[in-house]
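I opened my notebook to follow one stretch of this chain and to write down what I looked up, step by step.

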Amino acid sequence: LPISTNEARVTRVKNHVQLADSKNTARRASINDIVQEETIVRTGDGSRAELTFSDETVVRLAASTAFDFDHGTRALNLGEGAVLVQAPKGANGATIHAGSVAAAVAGTTVMIEYHPGFYKFLVLEGTARAYRPGHLGDSVLVGPGQMVFGNPDSALSDPVDVDIDRFMKTSRFTTDFPPLRSVKSIVAEGQKQQRQKTTKTLVDTNLVIFGGGTQVSVTDQGQTDTADRKPAAQVTPHRVQSLSPNAAPAIP
């Protein structure tokens, strides 16, 4: 059945996912449930969900995430946790708000994580603009394979490079869900990075961010695998080794 431009449909549910309306009446989410504006979608520990909007924009929720929206994709709100957003070409585009940081996305696939005190914003394909509403000029273009991260109440950082191919192989946003419609574009961007590695334009590093934070650690390559360390309680659902001629950090 068709849905309006201000609604979304639940297209994937894993474990405990809850829908809470404006009156705080909560119910368990099921496949094909219609999600209205201002309904908060919450995922429990070890749980995940996917929403699809009428313009085919897809939002995937990681575990321990709270998410809602206003006016369809024009105002996606990440209360806490992590989401992957795939806004197809030709769609109206989407604006994601996470604390004091926002991002405008259209024809691109992005991941954003937010907890009080820090955020991470990664682009897998296409180009998006991250900015801080109310801070004129505090914005940055983020291209494929790039990430900005830090304190949402501080000026935005310059983008750093992360390994797209490793993200796709290890992120639960991709391993626990069917392939995204944008997967060919993402793979193509990953292949560009591999060619840049061959020419030493990009160089693998051993810098990584473990857990739900922004502290950069030096580690052996073998220690960056998901199975080697138990994540912190609040942690991105993936671990990505970084690559950069400037020794850029990576997403866990």
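I began with the terms: strands are DSSP runs of E with at least two residues, numbered from the N terminus, and two strands pair if DSSP finds at least two bridges between them. I noted that this is a predicted model, in which local features need pLDDT of at least 70, side-chain atom pairs count only at pLDDT 80 or more, and totals for chains, interfaces and linings use all residues. Residues are numbered from 1 along each chain as its sequence is written, and side-chain values use heavy atoms, with hydrogens and water left out.

**Entry 1: strand 10 and its partners**

I looked up strand 10, residues 94–98, and found four of its five residues buried (under 20% relative accessible area with a 1.4 Å probe, protein chains only). On one pairing, strand 9 (residues 75–87) joins strand 10 in the parallel sense over two bridges, and there Leu76 stands opposite Ile96. On another, strand 11 (residues 101–105) runs antiparallel to strand 10, with five bridges, and Ala98 stands opposite Val101.

**Entry 2: the hairpin**

Which residue takes a positive phi in the hairpin of strand 10 and strand 11? I found that it is Gly99, with phi near 60°, in a hairpin that has two residues between the strands.

**Entry 3: Pro88**

I then turned to the loop between strand 9 and strand 10, where Pro88 lies. Pro88 is buried, with a relative accessible area of 16%. Leaving aside residues up to four places away in sequence, Pro88 touches Asp55, Glu56, Thr57 and Gly107, where contact means heavy atoms within 4.5 Å. I also noted that Ser182 is 94 residues from Pro88 along the chain, while their C-alpha atoms are separated by 7.5 Å.

Conventions: Buried < 20%, exposed > 50% of the residue type's maximum accessible area, 1.4 Å probe, protein only.
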